[in-house]
Amino acid sequence: MATLLLVSGPNLNLLGDREPEIYGTTTLEQLVAAAREAATTAGYDLEHVQSNIEGDLIDAVHTARKRCSAIIINPGAFTHYSYAIADALGAFEGPIVELHLSNTHRRERWRHTSVVSPIATGVIMGFGGAGYPIAVQAAVAMVNAGKR
Ligand code: DQA
């Protein structure tokens with residue numbers, strides 16, 4: 001079965017407990033379960049990697065090369081400044097969905113820049129946990145259409 005990789009960046013392990021007024025009360029485990037259900041429905045496996053360490057996220061993206069059909073990534077704060085993650089994503093041959101719980105454009109100015117967006121196929125943000133299955137469906141639609 002074809003595989004999708006979901007990558008979660010720093011501090012997302014604290015979801016459910018961390019700033020619930022911004023990020024909601026759903027845990028990362030629950031979000032991953034919702035994403036996996038959407039993937040299974042579409043006929044895909046879903047792998048998940050979470051790390052607070054930039055290099056681990058880069059390694060996870062590398063392991064997806066030539067193996068996974070698409071990457072869905074919430075890079076957390078690395079979104080705003082990690083050229084290394086952006087470069088790793090640039091070396092991935094399939095579609096990339098950038099995903100955020102919050103609408104970063106409605107927040108502090110430093111969150112308005114994403115160094116990942118220029119590499120991403122598309123971006124889903126601002127829908128809280130509901131964005132996770134939507135991001136999976138978007139990734140599957142791109143894979144099935146043969147689009148990068
Ligand atoms: C986030 C938005 C980022 O600005 C922030 O640093 C996060 C979470 C989101 O999902 O809304 O850690 O990526």
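Reader: Does arginine 18 count as buried or exposed?
Author: This is a predicted model, in which local features need pLDDT of at least 70 and side-chain atom pairs count only at pLDDT 80 or more, while totals for chains, interfaces and linings use all residues. Residues are numbered from 1 along each chain as its sequence is written, and side-chain values use heavy atoms, with hydrogens and water left out. Buried means under 20% relative accessible area, exposed over 50%, and partly exposed in between (1.4 Å probe, protein chains only). The relative accessibility of arginine 18 is 18%, so this residue counts as buried.

Reader: Which residue does arginine 18 meet in a salt bridge?
Author: A salt bridge is a side-chain nitrogen of Lys or Arg within 4 Å of a carboxyl oxygen of Asp or Glu. The N to O distance here is 4.0 Å, and the partner of arginine 18 is glutamate 19.

Reader: How many residues apart are glutamate 47 and arginine 67?
Author: Their side chains form a salt bridge at 3.0 Å, N to O. Glutamate 47 lies in strand E2 (residues 45-50) and arginine 67 in the loop between helix H3 (54-64) and strand E3 (70-74); helices (H or I, at least four residues) and strands (E, at least two) are DSSP runs, numbered from the N terminus. The pair therefore links distant parts of the chain, and the separation is 20 residues.

Reader: Which residues do salt bridges that share partners join into one network?
Author: Glutamate 108 and arginine 107 meet through their side chains in a salt bridge of 3.8 Å, N to O. Salt bridges with shared partners make one network of Arg107, Glu108 and Arg111.
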